[in-house]
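Subject: Structure handover

Hello,

Here is the structure I promised you. My notes follow below it.

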2 protein chains.
Amino acid sequence: MNILIIGGGGVIGQKLGRALAARGELRGKAIAKITLADIADPAPIANSPVPVEAMTCNIADPASVAGCVTAETDVIYLLAAIVSAHAEEDLDAGLTINMMGTLNVLQRARALGTKPVLVFTSSIAVNGGEVPQPFTDHTGLNPQTSYGAQKAIGELLVTDFSRRNLIDGRGFRLPTISVRPGKPNRAASGFMSSIFREPLQGQTANCPVSPDFNHYYLSPRKCVENLIKGAELSAEDLVLNRCMPMPGRVWTIQQMVDAMTAVAGPEPARLITWEKQPELDPILDGWRMDIRAAKAENLGLEADASFEDNIRYFLEDDLPGA
Amino acid sequence: MNILIIGGGGVIGQKLGRALAARGELRGKAIAKITLADIADPAPIANSPVPVEAMTCNIADPASVAGCVTAETDVIYLLAAIVSAHAEEDLDAGLTINMMGTLNVLQRARALGTKPVLVFTSSIAVNGGEVPQPFTDHTGLNPQTSYGAQKAIGELLVTDFSRRNLIDGRGFRLPTISVRPGKPNRAASGFMSSIFREPLQGQTANCPVSPDFNHYYLSPRKCVENLIKGAELSAEDLVLNRCMPMPGRVWTIQQMVDAMTAVAGPEPARLITWEKQPELDPILDGWRMDIRAAKAENLGLEADASFEDNIRYFLEDDLPGA
C-alpha cells in the first residue's frame, strides 16, 4: 500500500500523514510508503514507523504530477488547493491549480491505467446562491466564490473519471476546519480558528463577525479520521455520485467561545477583539451552513460531538505542552 | 448590436442566425452584423436583411477565439460542442472543446473587458444518477455522461465569470431537440428526431427503444425563440444562478408517433423499424426527464404546446415543399 498525499505540507496533509503512519495500514493492507508532495518541500514525519518520502510537486505541471503519481501509487489524497480569498483575488491561479491541477492528476492516473483510489477534498464553499437550504446530498451547487466554483468543477471531474472506471474517486466537502493550528492561510474563514488558536496561546485575535454568526465546523482530528474512512470506502458504497458533504456541526461564534471558556477558563475569551473587516463580507455573505451530510454519515463518517471537543483536540494535538 | 454565434454552422446555429436576421434587432438595438463561426466554414444566410459574416473558429485554440470574439461583439451565443456519444467515445475531445473551449471564450471576453452578453447552451444531460426527480432549478447535477459533466462544468464557469462581472452570462439546459432537421449527428438522442424526419420524407428509420420510452423534448423553432428571449434577459432577471433548464415537454415515443400520424397520416409511422441498439443503453439509461423549468418559464421561455406542433414546425420550417 503506497499512499501519496498531494498537499502533504498543509495542516491537514501533515496530520493525515502522521495518522496514517501511526495506523500502519489502509484498505486492509500494510502501508509500504507514504509520500508527502507539496508545492514547497513538505516537512517529513518525525519518528514515522513506516517509510515516508517528501517531495515537491506542482499540480499545474503534468510532468511534475507524473513524478509523484506513479504506477506504484495505490491511494492518492488530493488536498492541494488555492484557498478562498486567494482564488477570489487571483482567478487564474485558482483555475490553474484547483481546476487544471485536479485534471492533471486525474489524467496522470488515467494514463497509468492503475485505477488508484483518489480522495478529493472539496469544500462547503460549493454551496450558496439562491439555492434553498438545507443542502442535502442532492442539492444543486451555486458557489459564490471562484474557489467554490473550481471545487465543484473538480467534483464533476472526479465523479466522471470514476464513472468511466479510470480512477476510484471519492470527494468530500470539508466543513470549515476549527481549531486549525499553525499560521493563518489565505482562507476567508481564517478567523474561525485564530480566535481560539491565538488566545489559547496568550495572544490577541480579531473576530470580524458578530457573536451570533453561525457556520459549519469540523475539527482537524475528525477531518483526518473521515479522510481515512473515506479512502476505505468501496466503489459499491459510493454508488454514482462520488462527492458529498463531510459531516460537520453548526455553531455560533458565541457557542464556540463559551466552549473555549468551559475548557480553558475565562482568560482566552478576553483576548478576542471584535472589529468588522468589511472586505470579508462579500465572501462570508455567500456562505451557507445548513448542510445535511446523510450519505457520509451513513457511510460512517462523523462530526464532532461538541465544540469543547474541538478545543480539547487542539490542546492535545497541537499544544501538547500547554 | 454585433452578434456572434459560435457553432453557427449547426442546426440550431443556422436557424438562430436566420431568426435573428429576420428580426433585425436584439436587446432593443438594431443588429449591425451577425457572425456565424464554426469549426468548418458555416453556410451563410440566404437573402439576409442584415450583414452576415461566416468564419471558421476552433474554440480549443485561444488565438482562433480571439479572431471571432472582438471588442465589437455585444452578444455571444456559445452553441459549439462535442455531443454526447462522441464525447463518451473520446474523453479528450470533449474536455478540449466542451470544457477548455468554453473557458477560452470566457477568458477572451474577460481580456477584452467589454462584458458581452453570453448565451451558453447546456443540456439536460447534466441531470441523472442517484439524484431524485423531479429536477428543479435547484437540483444537484450528477451527469452520467462525460458530455453532461463537461456541460455542467461550463455552467459553473459561466456563472462564476458572470458573478465576477467579467461577462453577462446565461445558460440554458436544452431539452432533446425534435424534430431536428438535416443529417444525423453523433448524439445518442439522434433517433428521437430521425424516426420522424426520415419517415416524413418517405424513408425508413430505426427506433432503438420501446414505444413507452419517455423523454423531454423541444422543437427547434421554440428553442430558437427561447435562445433569443434568453439573450434579452437582464442580469437582474437572472439573479445568482445563471444556468437553468429550458422549458420542454415530456412525451412517450408512442405519443409522438401518434402526433405524426395525426398531422401527416398513417404512412410515415409504418416506415419506423423497432430494433434495439444495446450500445446506446448505457447512455439512455442514465438520462432522466422529469424536469421542471420554473425559473425559465417565469422569465418567459416556453415549451411546445403539443408534439403535433413539433411535427408541423418541421414540415413548415424544414420541408417547406412537402
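Is B:Ile97 buried or exposed? Keep in mind that this is a predicted model. B:Ile97 sits in helix α4 (residues 91-112) of chain B. There are 23 other C-beta atoms within 10 Å of B:Ile97, and the threshold for burial is 20 or more, so B:Ile97 is buried. Leaving aside residues up to four places away in sequence, B:Ile97 touches B:Ile59, B:Ala60, B:Ala80, B:Ala81 and B:Ile82. B:Asp61 is 36 residues away from B:Ile97 along the chain. Their C-alpha atoms are separated by 9.3 Å.

The nonpolar core

The largest nonpolar core has 190 residues. Which of them touch the most other members? They are A:Ile6, A:Tyr77, B:Ile6 and B:Tyr77. Take A:Tyr77 as an example. A:Tyr77 touches A:Leu4, A:Ile5, A:Ile6, A:Leu16, A:Val119 and A:Leu227, again not counting residues up to four places away in sequence. As background, nonpolar side chains tend to be buried together in soluble globular proteins.

Contact between the chains

Chain A puts 22 residues into the contact, and chain B puts in 22 residues. On the side of chain B that touches chain A, the largest share comes from helix α5 (residues 146-163) of chain B, with seven residues. That side of chain B divides into ten nonpolar, eight polar and four charged residues.

Helix packing in chain A

Look at helix α4 (residues 91-112) and helix α5 (residues 146-163) of chain A. Their axes come within 9 Å and cross at roughly 10°. Angles under 35 degrees count as roughly parallel, and α4(A) and α5(A) are therefore roughly parallel to each other. From α4(A), the contact residues include A:Leu91, A:Leu95, A:Met99 and A:Arg110. From α5(A), they include A:Tyr147, A:Lys151, A:Ile153 and A:Phe161. The residues of this contact divide into nine nonpolar, six polar and two charged.

Strands in chain A

Strand β4 (residues 33-38) of chain A is mostly covered. Five of its six residues are buried. β4(A) pairs with strand β1 (residues 2-6) of chain A through five bridges, and the two run parallel. A:Asn2 has A:Lys33 as its bridge partner in β4(A). β4(A) also pairs with strand β5 (residues 52-56) of chain A, in the parallel sense, over five bridges. There, A:Asp38 has A:Thr56 as its bridge partner in β5(A).

A three-stranded open sheet in chain A has the order β9-β11-β13, with mixed pairing. Which strands are at the edges? They are β9 (176-177) and β13 (249-252) of chain A, each of which pairs on one side only. β9(A) and strand β11 (residues 214-218) of chain A run parallel, joined by two bridges. A:Ile177 has A:Leu218 as its bridge partner in β11(A).

The sheet in chain B

Chain B has an open sheet of three strands in the order β9-β11-β13, and the pairing is mixed. The edge strands are β9 (176-177) and β13 (249-252) of chain B. How do strand β11 (residues 214-218) of chain B and β13(B) pair, parallel or antiparallel? They pair in the antiparallel sense, over four bridges. B:Tyr217 has B:Arg249 as its bridge partner in β13(B).

Backbone points to check

Most residues other than glycine have a negative phi, and most peptide bonds are trans. Here are the exceptions I noted.

- The peptide bond from A:Ser178 to A:Val179 is cis, with omega near 10°. A:Val179 lies in the loop between β9 and α6 (191-197) of chain A.
- The peptide bond from B:Ser178 to B:Val179 is cis, with omega near 10°. B:Val179 lies in the loop between β9 and α6 (191-197) of chain B.
- A:Lys115 is not a glycine, yet has a positive phi of about 45°. A:Lys115 is in the loop between α4 and β7 (117-123) of chain A. A:Lys115 has 17 other C-beta atoms within 10 Å and is partly exposed.
- B:Arg27 also has a positive phi, near 55°. B:Arg27 lies in the loop between β2 (25-26) and β3 (29-30) of chain B. B:Arg27 is partly exposed, with 15 other C-beta atoms within 10 Å.

Best regards

Definitions and conventions
Residues numbered from 1 in each chain as written. Chains lettered and ligands numbered in written order. Predicted model: local features only at pLDDT ≥ 70, side-chain atom pairs only at ≥ 80, totals over all residues. Contact = placed C-beta atoms within 7 Å. Nonpolar A, V, L, I, M, F, W, Y, C, P; charged D, E, K, R; others polar. Axes fitted to C-alpha atoms, helices over the stretch in contact; angles between N-to-C directions. Parallel < 35°, antiparallel > 145°, perpendicular 65-115°, else oblique. Core = buried A, V, L, I, M, F, W, Y, C linked by C-beta atoms within 7 Å. Buried ≥ 20, exposed ≤ 12 C-beta atoms within 10 Å, placed from the backbone. Pairing = 2+ DSSP bridges.
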